[in-house]
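Please read the following note alongside the sequence and the structure. The points are numbered so that each may be checked in turn.

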Amino acid sequence: MPATWTVRGRAIALDRPIVMGIVNVTPDSFSDGGLAFSLENALARASILVAQGADILDIGGESTRPGTQPVLEAEELRRVVPLLRELRAAHPDTILSVDTVKSVVAEAAISEGVHIVNDVSGMRLDSRMAEVCARHDVGVVVMHSRGTVADMATYAHAEYGGDVVETVLEELLARVAVTLAAGVDRERIAIDPGVGFGKRSEHSLRLLGCVDRFVATGYPVLVGMSRKRFIGEITRAPEPVARVFGSVGAAVAVYDRGVSVVRVHDVAATRQALDVVAAIRSAAAMSAII
């Protein structure tokens, strides 16, 4: 895996687990039902995640839960910009990411100091997004998905002929090529296989089991599988908030396969588990040298 991920002039060292904490400033988040929708609650949640060990905060103002309706630019800006401003003042050393498919929102967030643009459409839904990211030297997460905000988290586009891993990787690298062509430097790009986005549970599990093929591309790999449906199906936990242990298990499994960044709701549990895994791995490496 690469040694660092460069995000707006800052180098994130990837020799340890990187935990990205999720802050959904939406009234219809699938995982928490909108508990952090108000500015006050969102700021409080973000501060807790920082205290629990989040390396990055990912701020999103538009839900992608199945059946959701797209949010107007003005409303998404109203949700995320004030929070980003408060976070920059309260946590100046924390790396901030904005989860958006809109270049206008990305540019406004960048003006508030955001380091990373996390585009779940893989730069598909807004033709200006890659150019905006290139112009401001921010880090970029290019995620694999199909369809629109309203249906990308459904099974509407979950048809994969042959090997799902090969198909997803091919489509994802095509979006990376578009991003590179727009002027985004290679060292600023991370890739995300898009677990749960246009994928059935068997697809998601196959992608996670073969995530080393994404790591082999040489890009930092970010995976977001926290509290997702396939974990609920495996653990018989219908409610997202009851999927903490399964989510931590998934984070440990993918980190052990070379994933650099995990995007999670439950930062404290994930941080503790991954730090222990990293310590064991380090001890094993030292033993091999001796």
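1. Helix 9 and helix 10 pass each other in a right-handed crossing. In this predicted model, helix 9 covers residues 244-255 and helix 10 covers residues 267-289. Their axes come within 10 Å and cross at roughly 30 degrees. Angles under 35 degrees count as roughly parallel, and the two helices are therefore roughly parallel to each other.

2. Which residues of helix 9 and helix 10 make the contact? Helix 9 contributes Val244, Val248, Ala251, Val252 and Tyr255. From helix 10 come Ala269, Thr270, Ala273, Leu274, Val277, Ala278 and Arg281. Sorted by class, this contact of helix 9 with helix 10 has 10 nonpolar residues, 1 polar residue and 1 charged residue.

3. Helix 2 (residues 73-90) packs with helix 3 (residues 103-111) at an angle of about 20 degrees, and their axes are 10 Å apart. That angle makes helix 2 roughly parallel to helix 3. The crossing of helix 2 and helix 3 is right-handed.

4. The contact between helix 2 and helix 3 can also be followed residue by residue. On helix 2, the residues involved are Glu73, Glu76, Leu77, Val80, Val81 and Leu84; on helix 3, they are Val104, Val105, Ala108 and Ala109. By class, the contact of helix 2 with helix 3 has 8 nonpolar and 2 charged residues, and no polar ones.

5. Strand 8 pairs with strand 7 (residues 139-143) in the parallel sense, over 4 bridges. As one example of a bridge partner, Val142 has Ile191 in strand 8.

6. Where is Pro66 found? Pro66 lies in the loop between strand 4 (56-60) and helix 2. Its relative accessible area is 46%. Exposed means over 50% and buried means under 20%, so Pro66 is partly exposed.

7. The surroundings of Pro66 include residues from elsewhere in the sequence. Leaving aside residues up to four places away in sequence, Pro66 touches Ala150, Ala153 and Thr154. Pro66 and Ala11, by contrast, are 55 residues apart in sequence and 35 Å apart in space, C-alpha to C-alpha.

Definitions and conventions. Residues are numbered from 1 along each chain as its sequence is written. This is a predicted model: local features need pLDDT of at least 70, side-chain atom pairs count only at pLDDT 80 or more; totals for chains, interfaces and linings use all residues. Side-chain values use heavy atoms; hydrogens and water are left out. Axes are lines fitted to C-alpha atoms, for helices over the stretch in contact, and angles run from 0 to 180 degrees between N-to-C directions. Angles under 35 degrees count as roughly parallel, over 145 as roughly antiparallel, 65 to 115 as roughly perpendicular and the rest as oblique. A crossing is left-handed if the near helix is turned anticlockwise from the far one by less than a right angle, and right-handed if clockwise. Contact means heavy atoms within 4.5 Å. Ala, Val, Leu, Ile, Met, Phe, Trp, Tyr, Cys and Pro count as nonpolar, Asp, Glu, Lys and Arg as charged, and the others, Gly among them, as polar. Buried means under 20% relative accessible area, exposed over 50%, partly exposed in between (1.4 Å probe, protein chains only). Two strands pair if DSSP finds at least two bridges between them.
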